[in-house]
Amino acid sequence: MSRDTRVAKRYARALFEVTFAEGKVTETQAELRAITEAFASDPALRKFVSSPGVSVENKKKVLNSAFEGRVSVSVIRTVDLLIERGRTQLFGELRESYEQISNEALGLADARVYTAFPLTEEEKSAASVRFGLLTGKKITIQNIVDKSVLGGAKVVIGNTLYDGSLAGKLARLEKSFERQA
């Protein structure tokens, strides 16, 4: 784990503790997503915030006015802290870490389901229920169409892969034959 990842997790944990006490965990997730999308879509904003020629106070003023009314005070204070400490490159990792921490605390998980064809809403719902029972969490399904999956599906939840694809089943069958031979 990189140093930046560890630092981002500390900021995310502190922000989570504050927003959990305020009862604004999911709202904060959305606010952090909006901020990281703003940075991702605007190269001028990234350049402005990372520029050593712009004072910390000016950076804070611009960002505070840009996000004022759109994000909570806790998030603005976190942004200010990252600017003051010269850690603006951590916005993306902060958001990811915050989502991991908050999803874990709230019993939520995201599942990436790789299939050859798009899933119907009924199939997404069935997968959500099935993997929810398996993991003990409320599962949100993100379907990714992958033509290399010839049949079945591969499901990734966190760091766990559930391989129900045709290729995965054939590989397991081949291994069992090799063990028997």
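Author: The residues lining the second largest pocket divide into eight nonpolar, no polar and two charged. The model is predicted.

Reader: Which residues line the second largest pocket?

Author: The lining consists of Val113, Leu119, Glu123, Ala126, Ala127, Arg130, Phe131, Leu134, Ala153 and Val155. Helix H7 (residues 121-135) supplies the largest share, six residues. The volume of the second largest pocket is about 160 Å³.

Reader: What is the volume of the largest pocket, and how many residues line it?

Author: The largest pocket has a volume of about 510 Å³. Its lining comprises 17 residues, and Gln100, Asn103, Asp110, Ile157 and Gly158 lie nearest the centre. Two or more lining residues come from each of helix H6 (91-106), strand S1 (108-115) and strand S3 (154-157). H6 gives the largest share, six residues.

Reader: How is the lining of the largest pocket divided by class?

Author: Four of the lining residues are nonpolar, six are polar and seven are charged.

Reader: Let us turn to the aspartate. Where is aspartate 80 found, and is aspartate 80 buried or exposed?

Author: Aspartate 80 belongs to helix H5 (residues 73-84) and is buried. To decide whether a charged side chain is paired, one compares the distance to its opposite charge with the salt-bridge cut-off, within 4 Å. For aspartate 80, the nearest side chain of opposite charge, lysine 60, is 4.9 Å away, and there is no salt bridge.

Reader: Which residues does aspartate 80 touch, not counting residues up to four places away in sequence?

Author: On that count, aspartate 80 touches Lys60 and Asn64.

Note on methods
Residues are numbered from 1 along each chain as its sequence is written. This is a predicted model: local features need pLDDT of at least 70, side-chain atom pairs count only at pLDDT 80 or more; totals for chains, interfaces and linings use all residues. Side-chain values use heavy atoms; hydrogens and water are left out. Helices (H or I, at least four residues) and strands (E, at least two) are DSSP runs, numbered from the N terminus. Buried means under 20% relative accessible area, exposed over 50%, partly exposed in between (1.4 Å probe, protein chains only). Lys and Arg count as positive and Asp and Glu as negative; His and the chain ends are not counted. Contact means heavy atoms within 4.5 Å. On a 1 Å grid over the protein atoms alone, a cavity is a set of points where a 1.4 Å probe fits but cannot get out, and a pocket is an open set with protein on both sides within 12 Å along at least five of seven lines; lining residues have an atom within 4 Å of a point. Grid points are joined across faces, edges and corners, and a volume is the space filled by probe spheres set on the points. Ala, Val, Leu, Ile, Met, Phe, Trp, Tyr, Cys and Pro count as nonpolar, Asp, Glu, Lys and Arg as charged, and the others, Gly among them, as polar.
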